[in-house]
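Here is a short briefing on one helix and the strands around it. Look at the sequence and the structure as you read.

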2 protein chains.
Amino acid sequence: MTLHRVTTTGRVVDLLREQILSGALPEATLLRQEKLAAEFGVSRVPIREALHQLEAEGLVTMQSHKGAVVSSLSIDDLEEVYEIRARLETWLLEQSMPLLSEPHFQKAEALFAQMVEDRRDENWSNLNWDFHATLYEPANRPQTLALVRKLYLNAYRHFPLPIRLTGSREKMNREHQVLLDLCRQGDVARASAHLEQHILMGARHLISRLKALRRQEADTGRA
Amino acid sequence: MTLHRVTTTGRVVDLLREQILSGALPEATLLRQEKLAAEFGVSRVPIREALHQLEAEGLVTMQSHKGAVVSSLSIDDLEEVYEIRARLETWLLEQSMPLLSEPHFQKAEALFAQMVEDRRDENWSNLNWDFHATLYEPANRPQTLALVRKLYLNAYRHFPLPIRLTGSREKMNREHQVLLDLCRQGDVARASAHLEQHILMGARHLISRLKALRRQEADTGRA
DNA sequence: TACAGAAAAATTGGATTCAATATTCAATTC
DNA sequence: GAATTGAATATTGAATCCAATTTTTCTGTA
């Protein structure tokens, strides 16, 4: 177990990524190197290296001599990412279900209970991911899991947390409960279909909330 | 139409990526900043920024104060990447097939003819990708297409070109021909199944060649 | 000879400095 | 008065310089 590199660049990358994925730095935010350098108390060099790295991850876009901005996903892109997730996650579930055993169910149920109980929005994303990942874990597909996780985080960002949860929490809980039941019953076909619906409905909800938000912004802008 | 940024870092990224994906820089190659800087006639700063970017793309791995190496895919990882491709590309094909029209067929046939004719190995990868992409294009899934392309290139590298083509060219051509025919006939189910086999067989071939190569290297190393 | 430890060299990471490009804003022209 | 040019300012891109870390080499000892 190697205790990873602790370079300034690495820390800046982690910090910025966290702030972008959490929504603290919303899309289209201009990232000034000097400002970030002052904020973190370092020179501009590690800032720029971090920005290049985040650009490769798709989280920011850089234009030479102009600056870096937090990149945004169009609604179409967002929908497509969810569809990719649906395609890959159902596949993971189909592979893992025959291998799911009691410890997995118990872990998933514990995470589910936490999600129902913990009302703090900021914990929801991680719990939700851990819940899903637990069900996929026996498939033993590390590359796929890592890829899906990246898509998950990338799609979930940009939205102030309360917004993306409003009015969907109870629904999500019910769907997770059904998914768990179907997994326990070993009904692969229905579990997979349910998961697909779960993901695509999530996308629909998010997109409708996003559109409402944009309409609202346009209205206040006009007023 | 913006004439893109021409920064030193950007050019270095493109050059290194090209060399890695083409196999000119094989896996596990140590990338010395000073050496690369001298080679490209620039300072170490843009080299380092480029390495960070390529690390985020997964093409190199960096260890602090030790150096950067061209990252390698294990055989298991390689196989998994091919399976992801199979899962996503069949999906793309299923969506695009109902929308395929004559211009697409003609473009695909032209690319196919070029692949049959052009014996130069170094053109094969790009032609092959263009052929596949042509069939997926009507699906209008830019994110998925970009993702699959990345997986395609990433998996195909590391192998000296002649090695990965030896003994598979004729087979590939036959399979492409069948795929084209099935697409023209509009038989979605069979085309999709054939494409899946095509991709998975490609993986099997590549892996067996790779294992043979490693055995051979071990033998000569022992001798 | 084999090994441990310290000095030296090599290499990377980060700060500072300089150069190139973009933006801002005032002066000028129509 | 509006548009345009150009100087001043701000910001990024890259080179050089210094610090921190790792690797190698050398030396002394068992």
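**Strands and helix in chain B**

B:Thr61 stands opposite B:Val69 in strand S3 of chain B. This is a predicted model: local features need pLDDT of at least 70, side-chain atom pairs count only at pLDDT 80 or more, and totals for chains, interfaces and linings use all residues. Residues are numbered from 1 along each chain as written, chains are lettered from A and ligands numbered from 1 in written order, and side-chain values use heavy atoms, without hydrogens and water.

**Strands**

- Helices (H or I, at least four residues) and strands (E, at least two) are DSSP runs, numbered from the N terminus.
- S2(B) and S3(B) run antiparallel, joined by four bridges. Strands pair if DSSP finds at least two bridges between them.
- Three residues separate S2(B) and S3(B) in a hairpin. In its turn, B:His65 has a positive phi of about 65 degrees.
- S1(B), residues 30–31, pairs with S3(B) in the antiparallel sense over two bridges. B:Ala68 is the bridge partner of B:Leu31.
- B:Ala68 also lies on the covered face of S3(B), with B:Val70. B:Gly67 and B:Val69 form the uncovered face.

**Helix H1(B)**

- The buried residues (under 20% relative accessible area, 1.4 Å probe, protein chains only) are B:Thr9, B:Gly10, B:Val12, B:Val13, B:Leu16 and B:Ile20. They cover an arc of only 160 degrees around the axis (taken from the directions from the helix axis to the C-beta atoms), which puts them on the same side of H1(B).
- B:Gly23 follows H1(B), with a positive phi near 95 degrees.

Key. Buried < 20%, exposed > 50% of the residue type's maximum accessible area, 1.4 Å probe, protein only.
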